[in-house]
Amino acid sequence: YPGLAETVQENGTHALAAAPISRDGDVLGAVGWSFREPRTFSEAQRSEFEAIAAFVASNIVPLLSKTG
């Protein structure tokens, strides 16, 4: 994403987190979060991000596949 760094700076983002959306071993995309304050993420928060991505993979991706 060549414009991401510029967009992040313009929006005042100081921390990013992302987790892959994967299904059957294939990465289909990612979910991401941005934060205006600098921060680090605990292991528990990382697990929450991964759980949200897994939820999307299990519950949203199949719906998208059905709509073609």
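These notes cover the core, the aromatic residues and one loop of a predicted model.

1. Basis. Local features need pLDDT of at least 70 and side-chain atom pairs count only at pLDDT 80 or more, while totals for chains, interfaces and linings use all residues. Residues are numbered from 1 along each chain as its sequence is written, and side-chain values use heavy atoms, without hydrogens and water.

2. Core. The largest nonpolar core has eleven residues: Ala15, Ala17, Ala19, Ile21, Val31, Phe41, Phe49, Ala53, Val56, Ala57 and Val61. Such a core is a set of buried Ala, Val, Leu, Ile, Met, Phe, Trp, Tyr and Cys residues joined through side-chain atoms within 4.5 Å. β1 and α2 (43-67) each supply at least two of its residues. The largest share, five residues, comes from α2. Helices (H or I, at least four residues) and strands (E, at least two) are DSSP runs, numbered from the N terminus.

3. Phe41. Phe41 is buried, at 15% relative accessibility. Buried means under 20% relative accessible area, exposed over 50%, partly exposed in between (1.4 Å probe, protein chains only).

4. Aromatics. Trp33, Phe35, Phe41 and Phe49 form one cluster. The whole structure holds three aromatic pairs. One of them, Phe35 with Phe41, is tilted, at 5.5 Å centre to centre and 55° between the planes. Rings of Phe, Tyr and Trp (its six-membered ring) pair with centres within 6.5 Å; planes under 30 degrees apart are stacked, over 60 edge-to-face, the rest tilted.

5. Loop. Asp24 sits between β1 (15-23) and β2 (26-35). Asp24 is exposed, at 74% relative accessible area.
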